[in-house]
Amino acid sequence: MDGTALYEAVAAIFIAQMNGITLSAGEVITVSLTATLASVGAASVPSAGLVTMILVLTAVGLPTSDISLIVAVDWLLDRIRTTVNVLGDSFGAAIVNHLSRAELEEQERIHIEARRASLRERVAIELEETGFEVDGVTAKRGPLDRINKV
């Protein structure tokens, strides 16, 4: 998402400069906000940056016909955007992991204890059904007793 937003903002400013149009501070902010919102909506669509670029350019009144200049290099830029997106997501995941490590470890401990309790219950039921001793009390005899006597 962040790679596409950067790409669209830079491309819109490039198209404006190429046409000799100076963007005011308000128009640059509009380009930035529109590019960010457009990239959020098109995060999972491959090469959607070209489609959402039309939205960004029309928001500030730039000619949309100049998108054809960017099409020639979009295949390379798409790979760079993907790299920036993956890197940003990785940093975000690492920060969340670092900030919530104690909570994650507590949740894991609770999960492990619950699994152990469930396993203990299942083992106790199996032992009772097969006739082995459970907590010092001998349960019913099972088929293994006959094998041991033979």
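The legends below describe close-up views of a predicted model.

Residue numbers start at 1 and follow each chain as its sequence is written. Local features need pLDDT of at least 70, side-chain atom pairs count only at pLDDT 80 or more, totals for chains, interfaces and linings use all residues, and side-chain values rest on heavy atoms, with hydrogens and water left out.

**View 1. The whole chain, element by element.** The protein chain has 6 helices and 2 strands. Both are DSSP runs numbered from the N terminus: helices are H or I with at least four residues, strands E with at least two. Along the sequence the pattern reads α-α-α-α-α-β-β-α. Of 150 residues, 24% count as buried (under 20% relative accessible area; exposed is over 50%, partly exposed in between; 1.4 Å probe, protein chains only). Contacts are heavy atoms within 4.5 Å. Among contacts with a separation of 6 or more, 59% join residues 24 or more positions apart.

**View 2. Confidence along the chain.** The mean pLDDT of the protein chain is 81, and 83% of the residues score at least 70. pLDDT is the predictor's confidence in each residue, from 0 to 100. Residues 146-150 fall below 50. Beyond near neighbours in sequence, that stretch has 1 contact in the model.

**View 3. Helix α1 against helix α2.** Helix α1 (residues 2-18) packs on α2 at about 140 degrees, with the axes 8 Å apart. Axes are lines fitted to C-alpha atoms, for helices over the stretch in contact; angles between N-to-C directions run from 0 to 180 degrees. The two helices are therefore oblique to each other. The cut-offs are under 35 degrees for roughly parallel, over 145 for roughly antiparallel, 65 to 115 for roughly perpendicular, and oblique for the rest. From α1 come Thr4, Ala5, Glu8, Ala9 and Ala12; from α2 come Val31, Ala35, Thr36, Ala38 and Ser39. By class, this contact has 6 nonpolar, 3 polar and 1 charged residues. Nonpolar covers Ala, Val, Leu, Ile, Met, Phe, Trp, Tyr, Cys and Pro; charged covers Asp, Glu, Lys and Arg; the others, Gly among them, are polar.

**View 4. Helix α2 against helix α3.** Helix α2 (residues 25-41) and helix α3 (residues 49-59) meet at about 155 degrees, axes 9 Å apart. They are therefore roughly antiparallel. Their crossing is right-handed. Thr30, Val31, Thr34, Ala35 and Ala38 of α2 face Thr52, Leu55, Val56 and Ala59 of α3 in the contact. The classes here are 6 nonpolar, 3 polar and no charged residues.

**View 5. Threonine 52.** This residue lies in helix α3. Threonine 52 counts as buried because its relative accessibility is 13%. Leaving out residues up to four places away in sequence, threonine 52 touches Glu8, Ala38 and Ala42.

**View 6. Helix α3 against helix α4.** The axes of α3 and helix α4 (residues 67-99) come within 11 Å and cross at roughly 150 degrees. The pair is therefore roughly antiparallel. The crossing of α3 and α4 is right-handed. Leu50, Met53, Ile54 and Leu57 of α3 meet Ile67, Ile70, Val71 and Asp74 of α4. This contact divides into 7 nonpolar, no polar and 1 charged residues.

Methods: A crossing is left-handed if the near helix is turned anticlockwise from the far one by less than a right angle, and right-handed if clockwise.
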